[in-house]
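Take a look at the model below. We will walk through it step by step, from the overall fold down to a single residue.

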Amino acid sequence: MRATRTVEISTGLFVLLGFAALFFLVTQITDRELAKNGKSYEVTAQFENVGSLKAGAAVSMAGVTVGRVDSISFDQNVYKAVVRMRINTVYDRIPKDSDASIMTSGLLGGQYIGITAGGAEEYLKQGDRIELVQDALVLENLINQLVATFSRRGEGQSNGGPDNASGNGAAQGQQQSQESKK
Amino acid sequence: MTVLNEFADGLRGFLRTIGLTTLFFGRVLSQVPRALLRPRLIIDQVHNAGALSLVIIMTCGLFVGAVLGLQGYDLLQRFGSEDALGTAAALALVKELGPVVTALLFAGRAGTALASELGLMRATDQITAMEMMAVDPVRRVVAPRFVGGVIAMPLLTIIFIAIGIFGVQLVGVQQFGVDTASFWSQMRSSVGMDDIREGVIKGCVFGVACSLIAVYEGFNAIPTAEGVGRATTRTVVTSAVLTLILDYMLTALLL
């Protein structure tokens, strides 16, 4: 039989080292910035198109992450996507008329929700809904608009229907938001 | 004609080995609960398989991390993304290199120790003596070693990964001057609990596989000096191949 006390001590040290390493990995390597219940409040927004937004995507204001997307579901009463997001309670002065738009991080990055502050005196609280939204940029619509614009210019006709105007506005809004983010 | 016969024999032998190993696995598992009632044996074996392997695991972890840092920096520099060194190296270590390299080192150091111990017990008739005394050798000798290996492997994997990341940081930040803050913050934002969980699960599965192969080969070694040597060699080879096959399957499953 070996010297058992040495064996036991070194085994204990080994197991302790293993758990210390695990602790180090979990706390230093992963990102746990948003605490779960109690330190965040829930806010919803309804979009016509959420693009490739996923649960867990960031919610940011001025480029700083203030929350996370909790879940995305489809409401059959209004035929829109309902996005639930949790915002850190530290950020409790977001005006009620703020605008939520779906933006893309970089050229090929994932999509996230960017909130631009409005000017209202009242602030968002638990359970509120953000009324002003901008949907995700759908590439096909953008291409259609481009083709329509060029063919219109070519034939010299007046501009098309009302959805063209609002579509252009959304595209320009996206470009502006991305430029201001850079 | 003889080539075909030999091939068929080889195939039969291979299938027989797989069957025997699986049955042995079942036998060992059935004895594990009773082996757990004797913690002294298990602690001895965790010490044997784990604590004594620490030196090689930590050294290799440090150097694997350092090499990852070197190669990663060189590669990422070509695309102007040196800041992503932390992310790239940490993900590579946590998900793939950590579990696989640890398993290979474990098979080489602890697996051979297990196999040769059991093989020598078989060769010197100790196992037969136990059976004579109506002591189940699987319960007394094999199951504690198996449990010791299974406990030690995930811990070794985690230690390897942690030391490896430290090695990456040594090379990347200290030597090449990658910004410390962006190194850690990029790593933090892209490595999640899922990745660590994946690495730990792989470590556990590889631990079971390598320990099983080691105790099987040792217990069923031909009781001669040459037989023990061949059992030890087969342990390492089979463990390495099975680890890599399981790695592919697990990665496909967990991805």
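Chain B has nine helices and zero strands. Here helices (H or I, at least four residues) and strands (E, at least two) are DSSP runs, numbered from the N terminus. Along the sequence, the pattern of chain B reads α-α-α-α-α-α-α-α-α. This is a predicted model, in which local features need pLDDT of at least 70, side-chain atom pairs count only at pLDDT 80 or more, and totals for chains, interfaces and linings use all residues. Residues are numbered from 1 along each chain as its sequence is written, while chains are lettered from A and ligands numbered from 1 in the order in which they are written.

Now the overall build. The C-alpha trace of chain B spans about 65 × 55 × 30 Å along its principal axes. Of the 255 residues in chain B, 48% are buried. A residue is buried if 20 or more other C-beta atoms, placed from the backbone, lie within 10 Å of its own. Two residues are in contact if their C-beta atoms, placed from the backbone, lie within 7 Å. Among contacts in chain B with a separation of 6 or more, 87% join residues 24 or more positions apart.

Next, the inside. A nonpolar core is a set of buried Ala, Val, Leu, Ile, Met, Phe, Trp, Tyr and Cys residues joined through C-beta atoms within 7 Å. The largest one has 77 residues, and B:V142, B:I159, B:C210 and B:V215 have the most contacts inside it. Helix α6(B) gives this core its largest share, 21 residues. A second, separate core has 24 residues, including A:A58 and A:V83.

Pick one helix, α3(B). How far apart should its ends be? At 1.5 Å a residue (times one less than the number of residues), the 24 residues of α3 (residues 54-77) of chain B should span 34 Å, and the end C-alpha atoms are 34 Å apart, which agrees. Its buried residues include B:I57, B:G61, B:V64 and B:L68. An α-helix has 3.6 residues a turn, so residues three or four places apart point the same way. The cover over the buried residues of α3(B) includes α4 (85-123) and α6 (137-175) of chain B.

Now zoom in on B:A49. It lies in helix α2 (residues 39-49) of chain B. Is B:A49 buried or exposed? It counts as buried, because it has 32 C-beta neighbours inside 10 Å. Leaving out residues up to four places away in sequence, B:A49 touches B:A110, B:L114, B:G148, B:G149 and B:A152.

Finally, the two chains meet. The contact takes 16 residues from chain A and 20 residues from chain B.

Key
A residue is buried if 20 or more other C-beta atoms lie within 10 Å of its own, exposed if 12 or fewer, and partly exposed in between; C-beta atoms are placed from the backbone.
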